[in-house]
Amino acid sequence: MRTVFLSWRTFLAGILVLLNCGLSAAQEMVADFGREGAGQDLVLRSTTDIAIFGPVVETFLQAHPDVRLRYEQWGSNELYRLSRQDCRSDEAGADIVISSAVHQMVQLVNEACAAGYRSRLTDQLPGALRWRDELWGITREPAVMVYNRDLVPAGDIPRTRFDLLDLLRPSDTRYAGRVATYDIEESGLGYLFAFADAQEASTFGALQESFGRTRAISTCCSADIIRGVAEGQYLIAYNVLGSYAQGYQQQDERIGIVLPSDYTLVLSRALMIPKQARRKPLAEAFLDFLLSPEGTLALRTALLISPLLEAEDGNEGEGLSSTALRPIGLSPALMVALDGLTRETFLRRWRATFP
Amino acid sequence: MTSLTARVAAGVAVLLIIGGVIVSIAAFAYGREAARSAFDRLLLGAAHDIASAITVQDGKPVIELPVSAFELLAFAPDDRIGYRIIGPEGKTLTGYEEIALPANRRDLRDGYFDGSFFGEPARYAIVSRRFAERTLNGTIRVVVGQTMLARNSMAYDITRKALYVLAASGLAMILLAVVVVRSVLTPLERIAGGLSARDPHDLTPMDTSVPRETAVMIDALNGFMARLDRQMNSMRHLISDTAHQLRTPVAALRAQADLFSGEADLSRKEKIVERIQTRSASLGRLLDQMLSQALVIHRGDSARRETVDLRDIALDVFEEGDHAVLNPEMDVALDIGEKPVEVLADVPSLKEALKNLLSNAFKYGRPPVRIGASLEDGKAVIWVEDAGKGPDRQTLDELGTRFNRGTLARQASSGLGLAIAHSVAVSFGGELVLEQTSGERFRAALLFDAAPARSA
């Protein structure tokens, strides 16, 4: 299993770098799993990189040899638009939709785009990780800070947001212009994190003000940001998805990862079965697989259920109290994040920070 | 349906079913109302929360939806949320344009309305907020709605709990009914047990220490047994009297018959035959009278009372004319008036009594004999009168005491005739009066309470 996983990783690493970012109108990448001409076709649309989610799919297919799974990788905003359009026109598109932009998924479920399903495994999910039995949280990924081990001295490593504020406060700080974060207009996930931050603590206002003053960089896509940190282009990246950071760290020792100890947002990618899906029983089997011990193990191996959240792994997240973990629950309250006027107001403030 | 338990069970079951249906409907209606008002308040709270978050910047309404409003709505955890914020010109500022406002409410005051949300029934609240800024003047309306899952489940929950209570109370009622039926039936079982444990000859009254409702039955039973007892007693008396009275004449007859067979002299034999004839004739009369007495006693207890005109009785006895056959030498006159003389009694018994009195008059009195019926001082009287003096005072007194002792029947036939008349009088609530009338005549009369005059 492990070897399969590694070979996947090396095989796709190049494509990942090439295609991870930039395309916006169409799917970013497509991969077919399972043997040609297998009986049943399953279409999965996801925001997760094929390279990362591929091994999980492979594990699933071992138990379902007659299934051919078409994996489409999308940007979150495009995936939302497409799914919504499919839903309104009642057009059969994907059989499974998995997105990290859970607020968009909540919105889709709210608009009656999802099919319901209940099983013993879905019932075992905590209440915050399922909604209406139409939307389920399948991963656990913290939003972390990433820094360059070589260029950031040990004393400067920010453990909390307050540490980061302190680093940025001096007028001659060497971190000016070298802190990066998501461009929240481009990335649905970045917007979600920023919005959750704004709900979580007043720190975010101050942080935003500091980012603006020190001309922090907002850019697209986890991979770009992390690579930028590793290569020394940026010194610190804020609110990067922990799963990507850890995956990168396994190949490139130059980055360090911090789970902010004041609070750490934990994202659960949401899975939904569109109501017009053609292969609902198979999609349900896939969901049950992801929630089963086997599937959980596969997700853990793919770092999608993050080992960083387990205290005994010796990483920087050690000692993080459980109250500091703030899961982004699947609830209709997330719809606020997607409201047109609210988003506009929020983005206007953001633009004022990053001109 | 003959079982009391089954009747009570059916009654309780009907009560429970009807009550259950009514309570279920009432509980469901109440549950729906309670759920509606509870969740309506949530909606209104959320709508106000959102409305108060609207501000005006550069002449445009600006809003950051308060998360708290949605967290409020998330108290109905599985319900979809719809909202729409409408600007002063009726343009949707944000939210779902799909939410249709009720067409008949043009002015759209604040309040609630029912609608649907993506095909699911939903309930909405509207809150208006007026702005009077230099740059923005008008009303912004906030519509917030929610599907009905939580409301329905709350309503069902309330209904279900009410039904639990109903089921429990129904069970209690059934248990109670069983206990009550058992305890009601206990006295009956006791009575039945007492009856079957009784000696067959025991006709004494039963224990009446039973509930009032069953005492009726006991009283009826005791009355019945008393009547049975009386009849048994009179039968016993009759049998012993008969045995006693027949023994002497039969023994005399047998003695005469013995004499006859041992007598050689023809003329004496003839005398003996004559005696035997007289004896057997009087034995026949005695038998007649005893049978009459038995009849009278039997009818006194068992015959139905009817209204009888005593004049008819006198007339019938007079016209039957038995006396004319037996005593052709005696003159009999009938003396009845115009007015009916009515009593509640039994015709054969009265006739028998009158016949006996008449035959006594023939036997011991002197002609002329008169029989009649009349009303005297509110009493109905039927009587036989003769010209003799009647028995002397001492005999009359003795007769009186013997009537009271009930031993009269052991006397010779005259006593028996009076005894029959006496029995009849007593059976129908009257009395036998033997007296000297003012006209130096002897009268034997039966006095009864006159029956109330018929409204003819």
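This is a short tour of a predicted model, stop by stop.

**Stop 1: confidence in chain A**

Colour chain A by pLDDT. Its mean is 84, and 89% of its residues reach 70 or more. Now select residues 1–25 of chain A. Here pLDDT stays under 50. The model still gives this stretch 27 contacts beyond four places in sequence. Next, select residues 312–317 of chain A. Their pLDDT is below 50 too. This stretch has 11 contacts in the model beyond near neighbours in sequence.

**Stop 2: two annotated spans in chain B**

An unreviewed UniProt entry places the feature "transmembrane region" at residues 6–31 and 162–181. Select residues 6–31 of chain B first. Are they helix or strand? The span is 100% helix and 0% strand. Its end C-alpha atoms are 36 Å apart. Then select residues 162–181 of chain B. This span is also 100% helix and 0% strand. Its end C-alpha atoms lie 28 Å apart.

**Stop 3: the sheet in chain B**

Show the strands of chain B as a cartoon. Five of them form an open sheet, in the order β4-β3-β7-β6-β5. The pairing is antiparallel. Find the edges: β4 (92–95) and β5 (111–117) of chain B. Each has a single partner strand, so one side of each is left without a neighbour in the sheet.

Zoom in on β5(B) and on β6 of chain B, residues 120–132. How many bridges join them? There are seven, and the two strands run antiparallel. Select B:Phe113. Opposite this residue, in β6(B), stands B:Tyr124.

**Stop 4: the helix across the sheet**

Select helix α1 of chain B, residues 4–52. Which strands does this helix lie across? They are β3 (81–86), β5, β6 and β7 (137–147) of chain B. The helix runs at about 35° to β6(B).

**Stop 5: where the chains meet**

Show both chains. In the model, 15 residues of chain A are in contact with 17 residues of chain B. Stay on the chain A side. Select α13 (335–338) and α14 (340–353) of chain A. These are the elements that give two or more residues to the side touching chain B. The largest share, four residues, comes from α14(A). Finally, colour this side of chain A by residue type. It divides into six nonpolar, six polar and three charged residues.

Key
Residues are numbered from 1 along each chain as its sequence is written. Chains are lettered from A and ligands numbered from 1 in the order in which they are written. This is a predicted model: local features need pLDDT of at least 70, side-chain atom pairs count only at pLDDT 80 or more; totals for chains, interfaces and linings use all residues. pLDDT is the predictor's confidence in each residue, from 0 to 100. Two residues are in contact if their C-beta atoms, placed from the backbone, lie within 7 Å. UniProt positions are given in the numbering used here, feature names are shortened, and annotations may be inferred rather than shown by experiment. Two strands pair if DSSP finds at least two bridges between them. Axes are lines fitted to C-alpha atoms, for helices over the stretch in contact, and angles run from 0 to 180 degrees between N-to-C directions. Ala, Val, Leu, Ile, Met, Phe, Trp, Tyr, Cys and Pro count as nonpolar, Asp, Glu, Lys and Arg as charged, and the others, Gly among them, as polar.
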